[in-house]
Amino acid sequence: MPTTYDDFKQLGMRLDMSRGKPAPEQLDLSRALLDEAGTVGFLSRDGIDCRNYGHVLGLPEARELGAALLDVPAAQVVAAGNSSLELMHDTLAFAMLFGVPGGEPWRKRDDIAFLCPVPGYDRHFAICEALGIRMINVPINDDGPDMDFVEAQVARDPAIKGIWCVPLYSNPSGTIYSDEVVRRLAAMPAAAPDFRLMWDDAYRFHHLTEQRHSTLDVLEACAAAGHEDRALVFASLSKVTIGGGAMAFLTGSRRNVDAWQQRVSVRTIGPDKLNQLRHVRFLRDRAGLERLMERHRAVVSPKFAAVAAVFKEQLGDLPGVTWNEPAGGYFISLYTPPGYAKRTVALAAAAGLVLTPAGAAYPYGRDPEDRHLRIAPTFPSLEEVRLAARGIALSLRRALAEG
């Protein structure tokens with residue numbers, strides 16, 4: 001193993017760790033979706049010919065699977081294509097053009113804003129930036145976003161139409177929202193009557209330990225607080241089965257789902273029901289998915305442990321350097337002393353190690369303290385992860401030595 005940055009650079013390494021992708025071994029766990037594609041057939045349980053048009057909200061048994069996974073009635077579930085990101089983008093695009101139940105089209109206002117817990121998911125921020133939605137940084141704590149800040153902002157400013165939330169194993173902080181935070185988000189007064197929680201439950205089943213953490217049911221909390229339409233919940237199977245060919249879900253109140261159906265019916269005549277049929281027959285039910293996720297955990301968890309061990313060995317003596325050890329999800333957050341994140345990424349790149357750009361986890365790509373690095377250890381092999389973690393640590397040490 002290299003002991004200095006120069007030693008690491010001489011290895012001529014070429015490794016891209018910039019995105020949180022499933023490893024080939026994880027994708028192989030769902031190989032049956034490909035191997036059995038020709039034998040599943042095309043008729044659904046109810047005799048629907050899945051080769052044809054129709055069922056814009058998804059195959060009935062696919063909606064039922066989503067309902068079992070998300071603990072909601074099937075009538076409130078949309079089963080869609082591969083990407084929950086696509087659903088989130090379209091939700092906000094429809095809101096800009098047509099509004100949401102309880103409000104007028106957002107484009108009628110000169111200024112629309114969203115609250116963004118930071119560090120957060122760069123693709124959430126990219127949607128807002130593409131649609132011209134102003135973003136406001138929100139500090140995130142161990143139990144979720146800083147609710148005193150959130151409540152004060154939302155109560156006074158009708159331009160604030162929503163907040164991004166990754167409630168379980170947040171990307172990239174690993175935060176698990178507490179019950180109190182969920183209730184406060186559901187109940188808080190909002191100056192905008194059409195305020196929305198964009199609830200990205202991306203890591204609902206992505207546990208890294210034996211404990212299966214969960215969060216309070218946000219739809220129930222919103223209904224109990226008299227804000228039944230407030231939450232829009234998104235999830236997908238992209239990191240469960242096949243990253244490029246899975247199935248995504250949207251759920252919310254009946255009014256929200258009805259509004260979605262009205263808008264999306266103009267855009268499509270229905271999703272890929274053959275793929276939905278394959279997924280239903282492969283996973284079968286929630287228990288089947290959880291068994292598959294245990295096999296994922298066996299692949300992924302050692303990689304997170306390896307990064308933690310290397311960072312402890314290489315960085316444990318450095319003041320101002322911290323990192324988290326998440327209980328689930330796909331990322332590790334590494335914090336440098338202020339002003340050193342960009343230089344660390346540049347040094348790592350010069351040594352053949354591509355990381356997520358410093359600042360990517362903040363709106364507009366601007367980390368005000370230049371401290372945060374998002375580490376994505378899932379895709380490389382375990383030995384590559386160990387070596388990459390050492391390279392990141394040595395790059396940071398070199399950056400600090402340069403002053």
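Predicted model: local features only at pLDDT ≥ 70, side-chain atom pairs only at ≥ 80, totals over all residues.
Me: Which residues have the most contacts inside the largest nonpolar core?
Reply: They are V150, L185, L197, W199, V218 and L237, in a core of 52 residues. Helix α4 (residues 60-70) gives the most to this core, with 5 residues. Domain 1 (5-20 + 289-402) and domain 2 (39-284) each supply at least three. A second, separate core has 37 residues, including M13 and V385.

Me: Why is the pair R31 and D35 called a salt bridge?
Reply: The cut-off is 4 Å between a side-chain nitrogen of Lys or Arg and a carboxyl oxygen of Asp or Glu. The R31 and D35 side chains meet at 3.0 Å, N to O. So the pair qualifies.

Me: Why does R31 count as partly exposed?
Reply: Buried means under 20% and exposed over 50%. R31 has 46% relative accessibility, so it falls in between.

Me: What makes D194 and K161 a tie between separate parts of the sequence?
Reply: Their side chains meet in a salt bridge at 2.9 Å, N to O. D194 lies in the loop between α8 (179-187) and β7 (196-200), and K161 in strand β6 (residues 160-165), so the pair ties together parts 33 residues apart in sequence. D194 and K161 are both buried.

Notes
Residues numbered from 1 in each chain as written. Heavy atoms only, no water. Core = buried A, V, L, I, M, F, W, Y, C linked by side-chain atoms within 4.5 Å. Buried < 20%, exposed > 50% of the residue type's maximum accessible area, 1.4 Å probe, protein only. Helix = DSSP H or I, 4+ residues; strand = E, 2+ residues; numbered from the N terminus. Domains from an automatic or database assignment.
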